[in-house]
Amino acid sequence: ADAPRCIYWKRLDPRGGHQQPPAPWAGEPVAEPFPVRENGLLYRLDLAGGYSQGLFLDQRASRAALRRRAGPGDAVLNCFAYTGAFSVAAAAAGARTVSVDLSRRSLDWARENFRLNGLDDRAHEFHAGDVFEHLRRYARQGRRFRGVVLDPPTFSRDRKGKVFRVGDDFGDLVRLAAPLLEPGGWLLCSTNSQGLTAANFRRTILDSLPAIGHENWELEAAAAPLDFSPAHALLAVWCRRASRRQKP
């Protein structure tokens with residue numbers, strides 16, 4: 001294999017607080033954004049773009065799993081879409097995607113990621129705004145999705161000053177998103193909050209999933225990439241609407 005042209009080092013503070021962007025460690029620093037390949041798909045990175053460089057590597061396995069779950073014609077809603085990595089994975093499988101994020105800049109970046117992969121971004125939806133408001137709007141419109149991705153930041157504040165905290169508000173997301181699923185549809189619930197254990201996160205999800213007719217819910221922990229430590233805080237759970245067997 002070719003030797004790396006440059007190596008960057010990034011310190012992650014497990015306690016949160018002010019995070020620093022990656023710093024050049026060896027080789028010639030990269031001056032411009034550049035594409036990287038993950039599971040056959042391309043994503044643009046910007047190492048000079050601040051704390052977040054455009055792609056969260058700990059979700060690599062979940063993006064691959066989503067691509068296997070999605071299929072041609074499926075409607076997939078990506079909440080807190082950021083630069084649209086989950087949307088690209090779903091679109092590559094033939095799904096019709098809807099990406100929602102507060103940041104127009106991030107959604108423009110997502111469109112570029114679509115074009116990098118030869119995907120027509122004009123055939124997909126990109127909406128800048130509050131996820132909670134969009135989920136309520138889709139419910140009023142009667143829209144249904146085969147899959148919904150819920151991967152919010154641990155903490156955020158919308159344009160009206162309303163604060164979102166995963167530990168307090170993730171259950172509300174599940175309660176709003178789950179009824180939008182088609183029968184047999186799925187949710188991907190994910191967080192890297194340090195304040196939640198796997199058991200607590202699973203309980204939050206279970207307590208928030210609605211009872212829908214003669215259906216129940218199947219929960220499955222998402223696989224983590226092998227190159228991340230077990231101590232890494234990413235928690236991810238697949239939730240699927242499954243038919244409940246009727247008693248004879």
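This is a predicted model: local features need pLDDT of at least 70, side-chain atom pairs count only at pLDDT 80 or more; totals for chains, interfaces and linings use all residues.
Which residues line the second largest pocket?

The lining of the second largest pocket is made by Ser-62, Ala-198, Phe-201, Arg-202, Ala-221, Ala-222, Ala-223, Ala-224, Leu-234, Leu-235, Ala-236 and Val-237. Two elements give two or more residues to this lining. They are helix H6, residues 198-208, and strand E13, residues 235-243.

The pocket has a volume of about 180 Å³. Its lining counts 10 nonpolar residues, 1 polar and 1 charged.

## The cavity

The structure holds 1 cavity of 30 Å³ or more. The largest cavity has about 30 Å³ of space in it. Around the largest cavity stand Glu-38, Asn-39, Leu-41, Tyr-43, Arg-63, Ala-64, Arg-67 and Ala-89. Strand E4 (41-45) and helix H1 (60-69) are the elements that give two or more residues to the lining.

Helix H1 gives the most to this lining, with 3 residues. By class, the lining of the largest cavity has 4 nonpolar residues, 1 polar and 3 charged.

## Helices H1 and H2

Helix H1 also packs with helix H2, residues 85-92. The two axes come within 8 Å and cross at roughly 30°. H1 is therefore roughly parallel to H2. The crossing of H1 and H2 is right-handed.

On the H1 side, the contact uses Ser-62, Arg-63, Leu-66 and Arg-67. On the H2 side, it uses Ala-85, Phe-86, Ala-89, Ala-90 and Ala-92. The contact residues divide into 6 nonpolar, 1 polar and 2 charged.

Some of these names return from the sections above. Arg-63, Arg-67 and Ala-89 belong to the H1–H2 contact, and Arg-63, Arg-67 and Ala-89 also line the largest cavity. Ser-62 is part of the H1–H2 contact and lines the second largest pocket.

## Helices H4 and H5

Helix H4 spans residues 131-141, and helix H5 spans residues 166-177. Their axes come within 9 Å and cross at roughly 25°. H4 and H5 are therefore roughly parallel to each other. Their crossing is left-handed.

Helix H4 brings Val-131, Phe-132, Leu-135 and Arg-136 to the contact. Helix H5 brings Asp-169, Asp-172, Leu-173, Leu-176 and Ala-177. By class, the contact of H4 with H5 has 6 nonpolar residues, no polar and 3 charged.

## Helices H5 and H6

Helix H5 packs with helix H6 as well. The angle is about 40°, and the axes are 8 Å apart. H5 and H6 are therefore oblique to each other. The crossing of H5 and H6 is right-handed.

Phe-170, Gly-171, Val-174 and Arg-175 come from H5. They meet Phe-201, Thr-204, Ile-205, Asp-207 and Ser-208 of H6. The contact residues of H5 and H6 are 4 nonpolar, 3 polar and 2 charged. Phe-201 takes part in this contact, and Phe-201 also lines the second largest pocket.

## Looking back

What is the handedness of each crossing? H4 and H5 cross left-handed. H1 and H2 cross right-handed, and the crossing of H5 and H6 is right-handed.

H5 meets H4 through residues including Asp-169 and Leu-173. H5 meets H6 through residues including Phe-170 and Val-174.

Conventions:
Residues are numbered from 1 along each chain as its sequence is written. Side-chain values use heavy atoms; hydrogens and water are left out. Axes are lines fitted to C-alpha atoms, for helices over the stretch in contact, and angles run from 0 to 180 degrees between N-to-C directions. Helices (H or I, at least four residues) and strands (E, at least two) are DSSP runs, numbered from the N terminus. Angles under 35 degrees count as roughly parallel, over 145 as roughly antiparallel, 65 to 115 as roughly perpendicular and the rest as oblique. A crossing is left-handed if the near helix is turned anticlockwise from the far one by less than a right angle, and right-handed if clockwise. Contact means heavy atoms within 4.5 Å. Ala, Val, Leu, Ile, Met, Phe, Trp, Tyr, Cys and Pro count as nonpolar, Asp, Glu, Lys and Arg as charged, and the others, Gly among them, as polar. On a 1 Å grid over the protein atoms alone, a cavity is a set of points where a 1.4 Å probe fits but cannot get out, and a pocket is an open set with protein on both sides within 12 Å along at least five of seven lines; lining residues have an atom within 4 Å of a point. Grid points are joined across faces, edges and corners, and a volume is the space filled by probe spheres set on the points.
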